[in-house]
Amino acid sequence: MTLSGPEALRSLEEALRDVRREEDDIAKRLSRSGDLIAKMRQQEGDLFKQLAAVRLDPATQAQLSGPINTAEQKARDMLKTHGAALSEVEEKLAGLDAGIAKLGTERTGLLAEIGKHEAALSALADKIKPDLLKRADYAQALDNAKALVAVADESLRKTQQAEEDRELKGRPYRDDPLFMYLWERGYNTKNYRANNLVVWLDGLVAGMVGYADARPNFAMLNEIPLRLREHAERQEGSARTAMEAVQAIEAAAIDAAGGKEARAAREAAKARLSAIDAEMVTLQDQRDEATKTQRELAQGSDPAYASAIAALADALAREDVTSLLATARQTATGQDDTIVQQIDEARQRVGEEEADTREQQARLKTLAGRRRELEDIQYEFKKSGFDQPSSTFREDNLVGDLLNDFLRGGISAATYWDQWQRSQNWAGSGRRGDNLGSGNWGNFNWPETSFGGGSRRSNPGIGGGWAPSPGRPSTGGFSRPRTGSMGNRTSGGFKTGGGF
């Protein structure tokens, strides 16, 4: 069973909402637990004051009860302030969630609008296709683009092979600590610096590992892929320029046939779509900050609050209080025994709540990480145009078992995103460029022509600009801008490996 792009995006968004909802639930639970611990401490203090009233003279009672009363009052005041701060941040989170949901609804409508314009433009392209293919200038531009893409594709293939060789054939060199010691010191290069003794010792090491013969080979393994990549990038640029020339001819033909209005409307919708995505990133980052504040408040990390609760615990752990409890345990009076039992029960409940709090704090930290990773994946998903109606996925378990595995930590975010990329297809298009003739468009994410299949990229012709960005295959990094408390990644793309 296949999965459409819009369905897939909805599933990711639902998963994000579920994670955020669970984060919020745990934060509220932690807050209630913190308040409960504080109140149980106050109850414990009241019980100690009752015990003091039974066993101590008035003067001694006052000495014991005074610090407890002071700590209890401070704790009560802080609980009130703490509750107000939590309510404020919860209101802020609710407002941000509403804003994100509103943008999501608008985005869905824009995608449908873009799809409508794309359908109209595609129908118009089919209508004018026979005449356009007869034009000498278009045929020449198309043949030129195909030839340059083939060259770029071959350059990419050679680059990837050289990078594989660098990894495999270079491993024995990298695994030799003596060789790598000399390599990193720049031995036998103008950058090498050492005193006479070290030079002599390094010479002995070099002789042992055959450094003089090995170094040029290792240098070549590292240098060739770099030079090939530079060449391949130049070929990619030439091919992209040629492809844009094809699309310029297509755009003019479409406009002349009456498609200018639909194309302009589509471009306006795409511009708004890009703006919405930027706004959503901003709101998500603001929510991230608010969530951090909520988490800190819920966990009692606020210094004033933590100090007040700690002061109450310290007051109940004073030597005179501990001595009073120990003395009461040694007596057999019914009133003493009842109070001591209640103190023990209160302390047991505090211990249980604190143990549960530690578990929930760990869960909350894990959820925060998962949510940020899922936001990264959602960003790449939209950036790649995988949310288009023409985008499909062969594996529907991407939003089932695989999603659950990711959320449970069974697979990494990079692995999960890689599964999305491997499963993705473009409906009704096959391999890029097949509809344009026998040319092989290779492994590049080229913008499609009006008459070709495959992924699309911003361009002056009919191909969409609301779809996959040409870019390097991922090797584990994400390009979503992220600032603030959760990191300082502000820009950049996927960390690149062997592709463009």
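## Helix α6

In this predicted model, the residues of α6 that count as buried are Asp202, Val205 and Ala206. Around the helix axis these residues cover an arc of only 100°, which means that they lie on the same side of α6. The exposed residues Asn196, Leu197, Trp200, Gly207 and Met208 are found on the other side of α6.

The partners of the buried residues of α6 are α5, which spans 177–185, and α7, against both of which they pack. As for its length, α6 runs over residues 196–209 and so has 14 residues; from its first C-alpha to its last it reaches 20 Å, close to the 20 Å expected at 1.5 Å a residue.

## The second largest cavity

When the whole structure is searched, two cavities of 30 Å³ or more are found. The second largest cavity holds about 40 Å³ of space, and its lining is made up of Asp277, Met280, Val281, Gln284, Gln378, Tyr379, Lys382 and Arg480.

Two helices, α7 (211–298) and α10 (334–383), each supply at least two residues of the lining of this second largest cavity. The largest contribution comes from α7, which gives four residues. Sorted by class, the lining of the second largest cavity comprises three nonpolar, two polar and three charged residues.

## The second largest pocket

Turning to the open spaces, the second largest pocket contains about 540 Å³ of space. It is lined by 27 residues, of which Glu13, Arg17, Arg20, Ile100 and Ala101 are the closest to its centre.

Three helices, namely α1 (5–55), α2 (58–133) and α7, each provide at least two residues of the lining of the second largest pocket. Among the contributors to this lining, α2 gives the most, with 12 residues. By class, the lining of the second largest pocket divides into 11 nonpolar, five polar and 11 charged residues.

## Helix α7 across these features

Note on methods: Residues are numbered from 1 along each chain as its sequence is written. This is a predicted model: local features need pLDDT of at least 70, side-chain atom pairs count only at pLDDT 80 or more; totals for chains, interfaces and linings use all residues. Side-chain values use heavy atoms; hydrogens and water are left out. On a 1 Å grid over the protein atoms alone, a cavity is a set of points where a 1.4 Å probe fits but cannot get out, and a pocket is an open set with protein on both sides within 12 Å along at least five of seven lines; lining residues have an atom within 4 Å of a point. Grid points are joined across faces, edges and corners, and a volume is the space filled by probe spheres set on the points. Ala, Val, Leu, Ile, Met, Phe, Trp, Tyr, Cys and Pro count as nonpolar, Asp, Glu, Lys and Arg as charged, and the others, Gly among them, as polar. The expected span of a helix is 1.5 Å times one less than its number of residues. Buried means under 20% relative accessible area, exposed over 50%, partly exposed in between (1.4 Å probe, protein chains only). The arc is that of the directions from the helix axis to the C-beta atoms. Contact means heavy atoms within 4.5 Å.
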